[in-house]
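User: Hello! I am new to this structure and would like to go through it step by step. Could you show it to me?

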Amino acid sequence: MDRSEAVELIKRAREEWQAEEWLRAADLYERVLAHYPDENPSAVWWYDAALAHKFLRNWTKAYELGREAAARAPRGEGDPAYWNLGIAATIQRDWATAREAWDGFGIQLPDGVGEIEGRFGQACVRLDTGGEREVVWIDRLCPTRGRVVNVPVTAGRRFGEIVVHDGEPKGRRVVDGREYPVFDELLLFEASDLPTFTVTVNAGEAADIEALVELFLAQGYGAEPASSFELLCACCSEGTLERRRSVHGGAQQVSLAASEEEARRLLDQWVTQTPSGRAWSGLAPVG
């Protein structure tokens with residue numbers, strides 16, 4: 001391939017990119033890179049080709065091309081080539097490469113080898129399953145993985161599952177003056193064994209509902225009262241939203257993440273904790 005042909009292919013690749021024809025763009029970049037892997041602009045071409053496959057959720061190719069892009073990127077300067085490689089390597093469960101990528105980006109990881117199990121704070125993730133979208137809270141285990149700490153209402157999703165999320169926030173949540181990013185989910189990384197149940201509870205005060213939530217959380221389970229949910233349009237969901245955890249007393253449905261035996265035991269314990277005003281009925285599995 002001569003240089004004039006390469007220039008024409010790169011021009012076409014950029015046009016396909018602008019049209020969001022990711023596969024065509026990546027194929028054109030790769031045709032050029034097969035002949036010119038280390039020209040001055042080659043690092044950008046490797047990056048764009050890898051990013052196109054990330055958009056396509058082709059993680060094998062995103063990983064393969066991402067390694068080439070990162071090999072040509074400056075270390076410790078927050079270059080996005082490392083971030084995208086970190087995501088792809090995580091999904092491939094290549095922990096050595098993921099650790100190397102996060103270090104190249106400039107992120108300090110906990111010491112060790114293998115799977116990254118750190119404390120990267122709380123954030124929110126927008127689950128997307130079959131067109132349904134729900135924002136849940138996660139505890140971040142690494143720069144791109146988090147454990148879900150809500151009981152999702154989206155069908156098929158569970159408390160305790162681990163998800164991989166994108167790196168660019170699409171929205172913010174502000175709680176008690178502190179801002180948390182909202183990331184889009186890329187995929188379900190590890191399913192949860194805990195089933196989901198719904199139950200109708202009667203409680204005299206909001207404090208009774210809060211006590212139920214705390215009782216389940218203390219045992220490593222989840223409880224999510226209906227009064228804590230808020231429906232938002234897509235525009236509001238992707239903006240900055242100030243949230244206050246708001247629950248109220250009275251009769252309402254609560255979503256629970258626990259085995260049926262444990263759910264019944266803890267509900268009975270919750271009822272007996274106070275002389276009156278608490279009751280439950282209609283425990284039923286979801287999905």
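Predicted model: local features only at pLDDT ≥ 70, side-chain atom pairs only at ≥ 80, totals over all residues.

User: What kind of pair do the rings of Trp-83 and Phe-105 form?

Analyst: The centres of these two rings are 4.9 Å apart, and the planes of Trp-83 and Phe-105 stand at 70°. Planes over 60 degrees apart count as edge-to-face. The pair of Trp-83 and Phe-105 is therefore edge-to-face.

User: Which helices hold Trp-83 and Phe-105?

Analyst: The two residues are 22 residues apart in sequence, so their pair ties together separate parts. Trp-83 lies in helix H5, and Phe-105 in helix H6.

User: Is Trp-83 buried or exposed?

Analyst: Buried means under 20% relative accessible area. Phe-105, at 22%, counts as partly exposed. Trp-83 has a relative accessible area of 16%, so Trp-83 is buried.

User: Where do the two partners Trp-95 and Phe-189 lie?

Analyst: Trp-95 and Phe-189 form an edge-to-face pair, 6.1 Å centre to centre with 75° between the planes. Trp-95 is buried, and so is Phe-189. The pair ties together parts 94 residues apart in sequence, because Trp-95 lies in helix H6 and Phe-189 in strand E6 (residues 178–190).

User: How do H5 and H6 run relative to each other, roughly parallel or roughly antiparallel?

Analyst: Helix H5 (residues 80–91) packs with helix H6 (residues 95–105) at an angle of about 160°, and their axes are 8 Å apart. Angles over 145 degrees count as roughly antiparallel. So H5 is roughly antiparallel to H6.

User: How do the residues of the contact of H5 with H6 divide into nonpolar, polar and charged?

Analyst: H5 contributes residues including Trp-83, Leu-85 and Ile-87, while those from H6 include Trp-95, Ala-98 and Phe-105. The residues of this contact divide into 11 nonpolar, 4 polar and no charged.

User: What about H1 and H2: how do the residues of their contact divide?

Analyst: Helix H1 (residues 3–18) and helix H2 (residues 22–33) pack at an angle of about 160°, with axes 8 Å apart, and H1 passes H2 in a left-handed crossing. Among the residues in contact are Glu-5, Leu-9 and Trp-17 of H1 and Trp-22, Arg-24 and Leu-28 of H2. The residues divide into 10 nonpolar, no polar and 6 charged.

User: Where does Arg-93 lie?

Analyst: Arg-93 has a positive phi of about 60° although it is not a glycine. At 43% relative accessibility, Arg-93 counts as partly exposed. Its place is in the loop between H5 and H6.

User: And what is the place of Arg-57?

Analyst: Arg-57 also has a positive phi of about 60° and is not a glycine. With a relative accessible area of 39%, Arg-57 is partly exposed. Its place is in the loop between helix H3 (42–55) and helix H4 (59–71).

User: Last one: which residues does Asp-128 touch, not counting those up to four places away in sequence?

Analyst: Asp-128 sits in strand E1 (residues 122–129) and is partly exposed, with a relative accessible area of 42%. Leaving out residues up to four places away in sequence, Asp-128 touches Arg-133, Arg-157 and Glu-185.

How values were computed: Residues numbered from 1 in each chain as written. Heavy atoms only, no water. Axes fitted to C-alpha atoms, helices over the stretch in contact; angles between N-to-C directions. Helix = DSSP H or I, 4+ residues; strand = E, 2+ residues; numbered from the N terminus. Parallel < 35°, antiparallel > 145°, perpendicular 65-115°, else oblique. Contact = heavy atoms within 4.5 Å. Nonpolar A, V, L, I, M, F, W, Y, C, P; charged D, E, K, R; others polar. Phe/Tyr/Trp six-rings, centres within 6.5 Å; stacked < 30°, edge-to-face > 60°. Buried < 20%, exposed > 50% of the residue type's maximum accessible area, 1.4 Å probe, protein only. Left-handed = near helix turned anticlockwise from the far one by under 90°.
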